[in-house]
Amino acid sequence: MSISIGRKQQVEGLHGSAAGRDKFLAFLADEASEKIVKQCVSEMALPYSSVVRGDVTKAIQQLSAGRSPIALMVDISGVELPVSQIHHLAEVCEPGVTVIVIGDRNDVGLYRDLINAGISDYIVKPLTQTLAQTAIDNLFGVSKPAARTALSQKQGQVVSVIGARGGVGASTVAANLAWHLANKENRRVALVDLDMYYGTCALMLDVPAGGGLREALENPHRVDELFLERSMLRSGDKLHVLASEERLEIKLTPDPESLTPLLAILRKQFHYVVVDAPRAHREMMHAAALQSNTAIIVLDQTANSIRDTLRLRQFTETADLSAHRTVLVLNRVGEAGKDGIDQKNLSDTLGTGVQVQIPFHPKSAIDAANAGTPVSSFRSPISTAIATLADELGGRRIKTTKPWWKFT
Ligand SMILES: Nc1ncnc2c1ncn2[C@@H]1O[C@H](COP(=O)(O)OP(=O)(O)OP(=O)(O)O)[C@@H](O)[C@H]1O
Ligand SMILES: [Mg+2]
């Protein structure tokens with residue numbers, strides 16, 4: 001069978017929309033299926049290396065360490081608890097992957113569970129050339145529109161970090177959280193530092209701030225995946241930073257609406273988009289909070305900070321944030337000693353407790369700054385607290401899904 005023009009063009013057309021990602025990857029457990037899918041990929045002008053011997057567990061292993069393809073085929077034959085393995089796969093996959101599962105069990109219950117887990121199709125072995133080719137064609141939308149399933153529509157989480165007052169440690173939380181998610185939880189993370197004059201987050205990660213953010217916010221129509229690929233700075237394999245360090249004499253007037261297309265593109269490519277949203281630019285902060293899945297408010301044990309946390313609450317309450325989660329992070333715990341507002345008073349005034357506490361530990365902060373490395377990259381009370389915060393985001397430790405301002 002020779003490749004049809006339509007099929008080849010469709011497959012090539014995917015390239016521009018997926019900078020840096022393979023178009024197709026298959027993990028097949030037996031030689032016969034591997035041979036058939038290799039035949040299909042050669043007809044699509046894709047490399048043989050797109051077909052790997054292995055099953056879903058190998059796919060999980062490989063995709064945890066590298067980029068995800070646009071379309072994925074995985075074998076679950078002989079795998080214990082295949083549905084939970086598919087859920088695990090969904091966790092490690094980047095947003096926007098379409099998945100076809102191959103297996104040896106002809107079981108309607110299994111099929112339904114797999115579809116509910118977000119896959120596009122389930123094919124029972126023995127695989128034939130026609131079955132495999134039709135499935136792959138469907139993935140690429142050659143013969144009919146590609147199945148748009150929960151998994152392929154999966155979007156990254158946007159998390160904005162807002163300081164209740166200046167210097168409370170919002171950028172420290174944003175940069176370290178992003179670093180932790182990328183380096184300890186193996187997620188692809190974009191860190192956007194909206195504080196365009198200072199590029200503090202970039203500094204904490206020891207990458208040059210560049211100028212990509214200003215350009216992205218001033219010319220939103222130019223923002224696409226390739227633009228971001230060029231403008232974002234890398235801190236290791238998984239963390240990409242979008243920041244600026246503009247001259248102080250320049251007056252910047254970024255349009256808050258420009259944040260929408262930027263975040264829309266980023267959340268298609270990254271598991272997490274962490275936004276340092278300084279309160280100095282009210283509109284930008286508001287726009288970031290509105291588009292976030294989680295807003296983190298960082299406060300400390302001072303009266304000013306608690307007062308402004310309450311005011312921020314009023315501010316965010318003006319919009320419908322019911323689909324969003326707000327996490328309160330109390331930073332610099334213990335800094336003011338006996339003069340700091342104690343936890344009981346703090347919770348009474350706020351009407352709720354805080355979810356995460358970060359101890360005041362100047363030695364870690366200074367060591368990190370001197371070494372040009374984030375605090376989270378070494379053991380310290382601050383990095384332990386950041387790990388707890390990362391768990392909160394993953395929903396593992398969150399005690400309530402009720403927005404904190406709804407507490408009475
Ligand atoms: N838990 C902590 N213990 C000790 N020092 C800390 C802690 N958290 C932050 N710091 C230090 O406090 C300083 C201010 O932190 P950071 O820049 O993160 O605050 P910010 O809220 O982003 O400030 P700004 O309002 O200027 O944006 C930094 O020097 C940082 O290292
Ligand atoms: Mg800051």
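Visitor: What makes up the largest share of the shell around ligand 1?

Guide: In this predicted model, the largest share comes from H7, which supplies three residues. In total 19 residues surround ligand 1, and the closest are Gly-166, Gly-169, Ser-171, Thr-172 and Ala-365. By class, the shell divides into eight nonpolar, nine polar and two charged residues.

Visitor: What makes H15 count as hardly covered?

Guide: H15 has 10 residues, and the count of buried residues among them is one.

Visitor: Why is H7 described by a direction relative to H16, and which word applies?

Guide: Helix H7 (residues 170-183) and helix H16 (residues 381-393) pack at an angle of about 70°, with their axes 9 Å apart. Angles of 65 to 115 degrees count as roughly perpendicular, and therefore H7 is roughly perpendicular to H16. In this packing, Asn-176, Leu-177, His-180 and Leu-181 in H7 meet Ile-386, Ala-387, Leu-389 and Ala-390 in H16. The contact of H7 with H16 has six nonpolar, two polar and no charged residues.

Visitor: How do you know whether Lys-238 is buried or exposed?

Guide: Lys-238 has 23 other C-beta atoms within 10 Å, and the cut-off for a buried residue is 20 or more, so Lys-238 is buried. Its place is in the loop between strand E8 (233-235) and strand E9 (239-242).

Visitor: Which residues does Lys-238 touch, not counting those up to four places away in sequence?

Guide: Lys-238 touches Ala-182, Asn-183, Asn-186, Arg-187, Arg-188 and Val-189. One of these, Arg-187, is 51 residues from Lys-238 in sequence, yet the two are 6.6 Å apart in space, C-alpha to C-alpha.

Visitor: How do you know whether Leu-81 is buried or exposed?

Guide: Leu-81 has 10 other C-beta atoms within 10 Å; since 12 or fewer is the limit for an exposed residue, Leu-81 is exposed. Leu-81 is found in the loop between strand E3 (71-75) and helix H4 (82-92), and its phi is near 45°, a positive value in a residue other than glycine. Most residues other than glycine have a negative phi.

Visitor: What kind of peptide bond joins Lys-125 and Pro-126?

Guide: The bond between Lys-125 and Pro-126 is cis, with omega about 10°. Pro-126 lies in the loop between strand E5 (121-124) and helix H6 (129-140).

Visitor: Where does the pLDDT fall below 50?

Guide: The mean pLDDT of the protein is 85, and 87% of its residues reach 70 or more. Over residues 1-17, however, the pLDDT is below 50, and it also stays under 50 over residues 396-408.

Methods
Residues numbered from 1 in each chain as written. Chains lettered and ligands numbered in written order. Predicted model: local features only at pLDDT ≥ 70, side-chain atom pairs only at ≥ 80, totals over all residues. Axes fitted to C-alpha atoms, helices over the stretch in contact; angles between N-to-C directions. Helix = DSSP H or I, 4+ residues; strand = E, 2+ residues; numbered from the N terminus. Parallel < 35°, antiparallel > 145°, perpendicular 65-115°, else oblique. Contact = placed C-beta atoms within 7 Å. Nonpolar A, V, L, I, M, F, W, Y, C, P; charged D, E, K, R; others polar. pLDDT = per-residue confidence, 0-100. Near = placed C-beta within 6 Å.
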